[in-house]
Amino acid sequence: MPRLSLADSLTRRVRAGAHASVAYDVVGEGVPLLALHGAYSSRGEVRGFLEPMIGTRAVRRIYADLPGHGESRPSSGVASPDGVLDLLDLVLEAEAATGSFLLLGHSYGGHVARALAARHPSRLAGIALICPVIPGPWDTARGDVVRDDGVADALEQGEREEFEGYFVVRTAETLDRFRRDVLPAMGDVDDETLERAIGAGPHAVDPDQVAITAPMLIVTARQDRYVGWHRQQRLADRCPHATVATIADAGHALPHERPALVGALLADWLDRAGS
């Protein structure tokens, strides 16, 4: 069994040795859903946009900091991308040891979710991918600014660069979400772990070779300058129950820029997954 410790009233942790751990929060009751953030972020970002979308559904949300991020530091004992999956398997063993579970990932967390699903296809109740990283050359979009109301003028220089680099919809509403959910989740990273273990494989179980029959949702954005959207659509080729949506007038910050639409797509996915 994984060694599980309660760091405080919210944070739990699994360990695989002295220098390899994952910190996570658990919210709600119901079918387990492991939610994974992107690179250079932490669990607070996904929790910020996902909680309003889940609402009162019977879903037990597990928000994890990937190794090298947030409270999952230091992580020098995580030697490879499969080492990341090994730690997340400990989270599943602690929080979803039996029965089915859901996976959700944004950006690099989308790739990790796919790789984890490939390890457990028979237990997977559903998987949702939001602007996921795809291994191989990135087919990026131009990332044209959709709307700019000049709200970034209120930010410090460094924060402004982060906001304008991430958001292509720059309004008072998206600035509020940036300040509330994105900015507090940024910056706390272990660069050595990111270089060594935070990558798109290779994995012992190749996610491109495993057919996923559980309900899948793939949501991308046409102005995503980081991971693009063309190649992600082909993820549905091996997944007979995949919904694929490419959203206009949004970028890599899609769940912050178009939360109502993403929330509606997630609601349909959860309905199909029986949650």
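This is a predicted model: local features need pLDDT of at least 70, side-chain atom pairs count only at pLDDT 80 or more; totals for chains, interfaces and linings use all residues.
Leaving aside its neighbours within four places in sequence, Gly105 is in contact with Leu36, Gly110, Ala113, Ala128, Leu129 and Ile130.

**Gly105**
- Gly105 has its place in strand 6, which covers residues 101–106, and with a relative accessible area of 0% this glycine is buried, because buried means under 20%.
- Between Gly105 and Arg234 there are 17 Å in space, C-alpha to C-alpha, while the two are 129 residues apart in sequence.

**Helix 1 and helix 9**
- The axes of helix 1 (residues 43–54) and helix 9 (residues 259–272) lie 9 Å apart, and the two helices pack at an angle of about 60 degrees, which makes helix 1 oblique to helix 9.
- The crossing in which helix 1 passes helix 9 is right-handed.
- On the side of helix 1 the contact is made by Leu50, Met53 and Ile54, and on the side of helix 9 by Pro259, Val262, Gly263, Leu266 and Leu270.
- Of the residues in this contact between helix 1 and helix 9, seven are nonpolar, one is polar and none is charged.

**Cysteines**
- Zero disulfides are found when the whole structure is searched.
- Cys131 takes part in no disulfide, and the nearest cysteine sulfur to it, that of Cys239, is 18 Å away; Cys239 is likewise in no disulfide, with the sulfur of Cys131 as its nearest.
- Cys131 counts as buried because its relative accessibility is 0%, and Cys239, with a relative accessible area of 6%, is buried as well.

How values were computed
Residues are numbered from 1 along each chain as its sequence is written. Side-chain values use heavy atoms; hydrogens and water are left out. A disulfide is a pair of cysteine sulfur atoms within 2.5 Å. Buried means under 20% relative accessible area, exposed over 50%, partly exposed in between (1.4 Å probe, protein chains only). Helices (H or I, at least four residues) and strands (E, at least two) are DSSP runs, numbered from the N terminus. Contact means heavy atoms within 4.5 Å. Axes are lines fitted to C-alpha atoms, for helices over the stretch in contact, and angles run from 0 to 180 degrees between N-to-C directions. Angles under 35 degrees count as roughly parallel, over 145 as roughly antiparallel, 65 to 115 as roughly perpendicular and the rest as oblique. A crossing is left-handed if the near helix is turned anticlockwise from the far one by less than a right angle, and right-handed if clockwise. Ala, Val, Leu, Ile, Met, Phe, Trp, Tyr, Cys and Pro count as nonpolar, Asp, Glu, Lys and Arg as charged, and the others, Gly among them, as polar.
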